[in-house]
Amino acid sequence: MNYLNSFFMSFCVSAIFIGGIFIICPNGKMSKPIKYILCLVFTVIIIASVSKINPDFDLPYFESQISEQNSDKLQIQSAEYVWSACLNEANIKFTKITVCTNKTQNNSIVISKVMIFSNESKENILNALGDLAKAVEVEIINE
């Protein structure tokens, strides 16, 4: 409500101020440019007062819960993308990659296990993954 009062106050003060300047504005060649400039100043004042309006709906619980869930999903999807890109680069056919994660005490996500569903041999898949396979437990499920 304070924002609305601030907007009306700035609107009224600027309208009275610019209206007073319009009254004392000279008539003649300079009349139109001065009135144009005053209209621009009034428009800028109104836009500036509107841009300060920031209604604050305080819902911190829902926002933090949603953002944590979205970031978790995004990290898991990016990990699946990296693993699938490595396999696709080595021309290894697979049907699905599942990334199992654990949450640490500082709310970061750590990949604990990766399951790859493929008909390829375990050696080919591990060679294609290289250092990724050394850092995390990789389970290959033959279909």
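Two strands pair if DSSP finds at least two bridges between them. Helices (H or I, at least four residues) and strands (E, at least two) are DSSP runs, numbered from the N terminus. Keep both rules in mind for this tour.

This is a predicted model, in which local features need pLDDT of at least 70 and side-chain atom pairs count only at pLDDT 80 or more, while totals for chains, interfaces and linings use all residues. Residues are numbered from 1 along each chain as its sequence is written, and side-chain values use heavy atoms, leaving out hydrogens and water.

**Stop 1: the strands**

Select β1 and β2. They pair in the antiparallel sense, over 9 bridges. Find N102, which stands opposite V110 in β2. Now go to the hairpin of these strands, with 5 residues between them. There, N107 takes a positive phi near 65 degrees.

Click F117: it stands opposite I141 in β3.

**Stop 2: the core**

A nonpolar core is a set of buried Ala, Val, Leu, Ile, Met, Phe, Trp, Tyr and Cys residues joined through side-chain atoms within 4.5 Å. Buried means under 20% relative accessible area, exposed over 50%, partly exposed in between (1.4 Å probe, protein chains only).

The largest nonpolar core has 14 residues. Select W83, L87, I97, I116, I125, L129 and V138, which touch the most other members. Two or more residues come from each of α3 (60-89), β1 (94-103), β2 (109-118), α4 (122-129) and β3 (137-142). α3 gives the most, with 3 residues.

Which residues does L129 touch, not counting residues up to four places away in sequence? They are W83, C86, L87, I116 and V138. Contact here means heavy atoms within 4.5 Å.

**Stop 3: helix α2**

Select residues 31-51. In α2, S31, L38, I46 and S49 are buried. Seen down the helix axis, the buried residues fall within an arc of 75 degrees, so they line one face. The arc is that of the directions from the helix axis to the C-beta atoms. Turn to the face away from the buried side: K32, Y36, I37, V44, I47 and S51 are exposed there.

**Stop 4: an aromatic pair**

Rings of Phe, Tyr and Trp (its six-membered ring) pair if their centres lie within 6.5 Å; planes under 30 degrees apart count as stacked, over 60 as edge-to-face and the rest as tilted. The count is 1 aromatic pair. Select F11 and F42: their pair is tilted, 5.7 Å centre to centre, with 55 degrees between the planes. F11 lies in helix α1 (residues 2-24) and F42 in helix α2, so the pair ties together parts 31 residues apart in sequence.
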